[in-house]
Amino acid sequence: MSNTLSDYELICRFINGDQSSIEKLIQLHKNKVYGYISMYIRDQALVEDIFQDTFLKVIQSLKSGRYQDNGRFISWVMRIAHNLIIDHFRREKQMNLISNDDYECDIFNSKKLSEANVEDVMVKRQVIRDVRRLIQMLPEDQREVVILRHYTGLSFKEIADITNVSINTALGRMRYALINMRKLMEDNNISLEIN
Amino acid sequence: MRPEVDSNSTFITFAELDVRKIDLLDDAWGFARQFPEQLIAISLISPIAPDYLVNELLCRISSFRDSDSGKNPGADGEHSD
């Protein structure tokens, strides 16, 4: 039997005054939220602002009783993060999220990089940059499914719910995304030679 | 009347199927089989929230909490099931 508390139990405890529960929730989901935001926004400082604002909004909503548990907590948190990202781009009137700039700032602390030597690190960093660019080159609806599925770990049911489409549409978008990635990898001569 | 079983295979029950870490739809659509290279590529990026960022957030939360309790002593007790 697991001693780990579910999201719902932690939420209930937080609402009832146990402050440490919100810290546990943040620790549990920080990488998913960070991953989601950082796949959309290149500016590291902005990623950090939106990351913090997301959790502050979550706390505000929990405290004011606006959260209704109708499934997974993380879907709701992602929706908040998504809305904050959209708000940002609306404010900036900069809806074109795709950029072909070189992404010099390494905001991804890839676990795989830590164990390698410097030369490997350089090569891997380039591959990661290429992969990131590939994902950014996908059409918005396809990119969103890839990010939600692989960087936030949501199920297709949850993705369908968040993006307001049917499960089949979400699955179809993933399929098209992977087909497009394969094509882009061929066209751009990107191959994976990482062990 | 029970069906005869000609096989020596040990069948597992539905309850024994462990699908907690598998998205059955993902599995059914066969993404892993059809696009292994693309999925490996995607998995190369593993964004991790920096510790300083999380610590800063936790500090902000505790500072709000402290100021809240300063303004509204006893407010924590207002919540109920």
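User: How many disulfides does the rule count over all chains?

Analyst: Happy to start there: this is a predicted model, where local features need pLDDT of at least 70, side-chain atom pairs count only at pLDDT 80 or more, and totals for chains, interfaces and linings use all residues. Residues are numbered from 1 along each chain as its sequence is written, chains are lettered from A and ligands numbered from 1 in the order in which they are written, and side-chain values use heavy atoms, with hydrogens and water left out. A disulfide is taken as a pair of cysteine sulfur atoms within 2.5 Å, and over all chains the count by this rule is 0.

User: Is B:C59 buried or exposed?

Analyst: The classes rest on relative accessible area: buried is under 20%, exposed is over 50%, and partly exposed is in between (1.4 Å probe, protein chains only). B:C59 has a relative accessibility of 52%, so the label for B:C59 is exposed.

User: How many residues of chain B are in contact with chain A?

Analyst: Contact here means heavy atoms within 4.5 Å. On that basis chain A brings 51 residues to the pairing, and the number from chain B is 36.

User: What area do chain A and chain B bury between them?

Analyst: Buried area is the accessible area (1.4 Å probe) that two parts lose on being put together, summed over both. Carbon and sulfur atoms carry 67% of the total, and that total is about 4,200 Å².

User: Which residues of chain A lose the most area to chain B?

Analyst: Three residues head the list on this side. Together they account for 14% of what the chain A side buries, and they are A:Q52, A:R175 and A:L178.

User: How many residue pairs are in polar contact across the interface of chain A and chain B?

Analyst: A polar contact is a pair of N or O atoms within 3.5 Å; within protein, one must be able to donate a hydrogen and the other to accept it, and residues adjacent in sequence count only if both atoms are side-chain atoms. Salt bridges (a side-chain nitrogen of Lys or Arg within 4 Å of a carboxyl oxygen of Asp or Glu) come to 0 between chain A and chain B. The number of residue pairs in polar contact across this interface, both residues at pLDDT 80 or more, is 7.

User: Which helix gives the most residues to the side of chain A that touches chain B?

Analyst: Helices (H or I, at least four residues) and strands (E, at least two) are DSSP runs, numbered from the N terminus. In chain A, α2 (20-40), α3 (44-63), α5 (118-137), α6 (140-150) and α8 (167-187) each supply at least two residues of the side that touches chain B. With 11 residues, the one that gives the most is α8(A).

User: How many residues of α6(A) are buried?

Analyst: This helix of chain A is mostly covered. Its buried residues include A:R143, A:E144 and A:V145. Out of 11 residues in α6(A), the number buried is 8.

User: Which residue forms a salt bridge with A:R143?

Analyst: A:R143 counts as buried because its relative accessibility is 3%. The closest N and O atoms are 2.6 Å apart, and the partner of A:R143 is A:E140.

User: How many residues apart in sequence are the parts that A:D161 and A:R79 tie together?

Analyst: The side chains of A:D161 and A:R79 meet in a salt bridge at 3.4 Å, N to O. A:D161 lies in helix α7 (residues 156-163) of chain A and A:R79 in helix α4 (residues 73-92), so the separation of the parts they tie together, in residues, is 82.

User: Which residues does A:H82 touch, not counting those up to four places away in sequence?

Analyst: A:H82 lies in helix α4 of chain A. Its side chain makes a polar contact with the side chain of A:Y36 at 2.6 Å, and another with the side chain of A:E144 at 3.5 Å. Leaving out residues up to four places away in sequence, A:H82 touches A:Y36 and A:E144.

User: What percentage of the residues in chain B is buried?

Analyst: Chain B has 4 helices and 0 strands, following the pattern α-α-α-α along the sequence. Of its 81 residues, the buried share is 25%.
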